[in-house]
Amino acid sequence: MEPKMRQDPSLKSRAFRPRERKQAATMNVTRNVEGLLALSQQEQLVDMSNSYPLSASEDEEDSDGERKCQKLLEAISALGGKNRWKLAERSEASLKVSEFSVSSEGSGENLVLSDLLGAAKKLPLLTVVKKQLNRVRSKKTVETPLNKEEAERTLREVAFSRASHTLSKWDPVVVKNRQAEQLVFSMEQEPSAVAPLEHMFSGWKARTPLEQDVLNLLHKNRQPVTDPLLTPVEKASLKAMSLEEAKIHRAELQRARALQSYYEARARREKKIKSKKYHKIVKKGKAKKAQKECEHLLKANPNVALEEVGKIEKARMMERMSLKHQDGGKWAKSKAKMAKFDPEARQARQEQLAKNRVLTQKLQVPPESEEEQECLAEVATLFASEGMSDLSDNAPNPWMSRGDKVQTEPEQLPELGAHEFSKSEGDGRPVVVEDILWKYCEPREFPRKRSELNHNAKPVDRQTDKDSNSLKVLSESMALSQKLSHQPRKHEMSSVGIVKEKREKQQMIDLQNLLSIKTPAVKSLAVPTIEELEGEVERDHRQLIKEAFAGDDVIRDFLKDKREAVEANEPNLDLTLPGWGEWVGAGLKSSTKKRRPLLKTPEGSQRKDKNLPNVIVSEKRNILMAGHQVQVLPLPFTHYQQFERTIQNPVGATWNTQRAFQKLTIPKVSTKPGHIIKPIKAENVGYRSSSRSDLSMLQSNPKGLSRRDYKQMRTCAAD
Amino acid sequence: MKVKMLSRNPDDYVRETKLDLQRVPRNYDPALHPFEVPREYVRALNATKLERVFAKPFLASLDGHRDGVNCLAKHPKSLSTVLSGACDGEVKIWNLTTRKCTRTIQAHEGFVRGICTRFCGTSFFTVGDDKTVKQWKMDGPGYGEEEEPLHTILGKTVYTGIDHHWKDAAFATCGQQVDIWDEQRTSPVCSMTWGFDSISSVKFNPIETFLLGSCASDRNIVLYDMRQATPLKKVILDMRTNTICWNPMEAFIFTAANEDYNLYTFDMRALDTPVMVHLDHVSAVLDVDYSPTGKEFVSASFDKSVRIFPVDKSQSREVYHTKRMQHVICVKWTSDSKYIMCGSDEMNIRLWKANASEKLGRDKEEDECLQPLQMNSRCMLHLVHLFAYILYILFISREMNRRKHSKPGSVPIVSERKKHVLAVVK
């Protein structure tokens, strides 16, 4: 309080009006509430100024007389002349001080704000200030700051918790790296930036005598030293023709030369060729040409053309008969194997397949003109007039005769037939009909596949044909075949019944007879002979073994061994040592009392091989083996079974494929020689690293603590 | 006459491309390859033995210093460049491919206490007994120029160590306190102390670059935060720690080389127990450096040997020593993780392979194939450092004996990890 009191007189001397003061005070208060001390000081000043007029009246009563007295004394002394203005002098410490300095009257008691306020109560203008003061009074005072040691300690703690928080973000990365199967350290390779030559030369100067000599030489010959790097002559030559033009020109020339040489080479080559294949190709080309010519002829001169066509047709038939083009031959198979690797083989195969396709194709479109229909009718009548057997004999296609054979076994086939018909249903019935028609037109040309597919239907058709002799019959057969496709079995049965009952039955019987004859023959002959043979062989074998091991009885040896092993393990031994504890000599017997006890096997222990007659299980601990056995379970394993299982799985290349072997023997850490491995970076792992450098953070924030940290510190200190 | 010929399907023996391996038909039927476990075991055993037989780790020795080599530094950008500082104040720059010294600088009077390179590789810093910090250009002076440092800072006290920040233009020195310097200024940006010590080494964390670790002669290791300019925590061990090294792959792990023959790997966040105590040295450990893969570290010891420890093992994987190598003062693992360099008292820098039996060059693949087999066999204790194991057993039995013959409870069982940490100061 005292220092503030000391200011009062000066305030007095300044003529502050109370209201102005008050306004100033309120402004101050509103401006900085938190400047607590300053504020309270101001308020006290206000108090003083306000209370001054009141308190002055009381003061003056006793101090007036004194002052007058002093003035008088001064005046008297001034009369003397020398010391007109003698300053007041304080010679001893006193409680009383003059009006210009501080009066410490009543120093024992402090001046309290409330005392001063009590006086101000009467003034209505001060209510605002009073409110503020009350608010201030309700606040606590600031605590004393911590001592330096304590403050530093809390600072450290806060900083440490902060640092460990930032470090904890690395936990997942570290765990991942530790558990990784393989760590590869050949990741980013920075591309080596090549600085341009000019940059390198910019700061360079010739220093050594040698360098200077070289430079002089270059200057003499007008070689550019730094930037252009080309002599004027070189520049001129570059200007003569632009690069693009030159390139185009050169390309043209090249092309012309290449073409020329190509044609020349081709001509030369064709002259020389002896290869069969080549000639084949040439032949083919010629054939194509011929075909075209033929077409021309057909338009111009049909008769000649027909002859030509006949020739071609004949050639085709020959080819078709030869079966050369089939895919199943040895040659074809070998080519199929080689086709993957040998383009020639591939081509040959393709050619063959193409040929096959051509040959097995249906030849012409179905007959539409009247002429052709007539032809068809003729054929039909021909077939009708001749017998079934004749037909089969006459037919040049061997497959055609198969139909009869098939028909002879109707019991076996119907299911098959049904199956196949159901297959062919997808294509639609018209196909079947077509086939039937075509068969009579050109039995030879009938595609084999189809014939196989429909070979059940064919004979039936043929039989029905027998009665008929016109296209009408054919139409009937069409209807029949339709029925057949619906219920093949029934149809067949009926057809058989109607047309050729007798023959059919006879054949069936024959077939049965055949079967009945065959089966006993097999049984009676083959089986017993084989058994007899086997028995003989086995006996011989045994005999041989017996003779070979005539001398040794393995089983007895084994039993003996086992007995020995068992006995060796059972220490039922008499441990008497003659001469120990008694007399020895001829005719003396050791007493039974003094005889040492026998060593007996503990009853609980049983041999593992007790119930296994054919096995000896040795229960001795093999010391030599023990050295190779694992004493302690290695670290990543928690149970010995896990470890055993991993050990059981071989990792070597003998037991694993190359890929698996490589995978199993992958090294834990792979590094590249010559590659600098840098410390792990936050950016590389996907974290954000702070944009500000550590140094700048240090310089900008020497204390390095944010408000949040201060808060944390305070809580720490409170704890 | 019909000739029967063998014809094989080319699918079985023809390669699709030239780059494919030649196909060798093999039958992997397990019935044809019996006894897989014993055979593999024998193979593994042989591989391990052969590994020992072919272990020729020593590559070269770089001689030229006229006093003991006190400190080593790697070049951050060039694998073939190494810097070394000697006890007579000489700094040499070596080319490892030619194994020759390319440059010699008389840098200080008295010891060169510390040397470090700038992260960009253009310059390096040295501190010496003459109370100076000097910055040098990595390239030699031009023709006719004097060999002079770029900057020289004269300090008030002796600096005993220096390390450069991994990203910023700042470096840290240690002596009576840890100072952090801006490269552009001649006075430290901030100084950090915690009590009065002589600090022997200071190292920046390579990952979280604002962290530093230092070790002082009153047996403590102190961690600092550079951003907040404050120490973080202090751990006091049994004996003095000579130097520490941070793991370059795991931000919070560091290893301390201690005078009590051991190395301690700490997790920075839990200093009260080390993660692992590495035991094999038989004298004070003077220096330690991590492999850049972060899986192993190498330590140099007063017992004239260099040892390689896996981070998670307490026993060393390898020990390198030669007849002529004296107390090894400094050691570094090259940044391609293939080589190790060590500088020793008898003025030589030695270059070793990090994997003793590794073939450097062509036959590498074969070598890699053997590795897991060896790993399998390593599980067998009789192959793993039998001698160390026996010592360990003896040690344990000694303690057991003492416990057995003293008052029950008076010799408590304390785990190895807890034994050596005296206190952690917040």
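User: Two strands pair if DSSP finds at least two bridges between them. What makes strand S18 and strand S19 of chain B a pair?

Analyst: Strand S18 (residues 241-246) is joined to strand S19 (residues 253-258) of chain B by 5 bridges. The definition asks for at least two, so S18(B) and S19(B) count as paired, and they run antiparallel. Opposite Trp246(B) stands Phe254(B) in S19(B). With 6 residues between them, S18(B) and S19(B) form a hairpin.

This is a predicted model in which local features need pLDDT of at least 70 and side-chain atom pairs count only at pLDDT 80 or more, while totals for chains, interfaces and linings use all residues. Residues are numbered from 1 along each chain as its sequence is written, chains are lettered from A and ligands numbered from 1 in the order in which they are written, and side-chain values use heavy atoms, leaving out hydrogens and water.

User: Why is S18(B) called mostly covered?

Analyst: Of its 6 residues, 6 are buried, where buried means under 20% relative accessible area, exposed over 50% and partly exposed in between (1.4 Å probe, protein chains only).

User: What makes S22(B) and S25(B) edge strands?

Analyst: The open sheet of 4 strands in chain B has the order S22-S23-S24-S25, with antiparallel pairing. Strand S22 (285-290) and strand S25 (318-320) of chain B each have a single partner strand, so one side of each lacks a neighbour in the sheet. The partner of S25(B) is strand S24 (residues 306-310), joined to it by 3 antiparallel bridges. Across that pairing, Val306(B) has Tyr320(B) as its bridge partner.

User: How many residues of chain A and of chain B are in contact, and how much area do the chains bury?

Analyst: With contact taken as heavy atoms within 4.5 Å, 73 residues of chain A touch 75 residues of chain B. Buried area is the accessible area (1.4 Å probe) lost when two parts are put together, summed over both; here the value is about 6400 Å², 64% of it on carbon and sulfur atoms. Arg156(A), Phe160(A) and Trp655(A) supply 12% of the area that chain A buries against chain B, more than any other three residues.

User: What makes up chain A?

Analyst: Chain A has 32 helices and 2 strands, where helices (H or I, at least four residues) and strands (E, at least two) are DSSP runs numbered from the N terminus. Buried residues make up 20% of its 719 residues.
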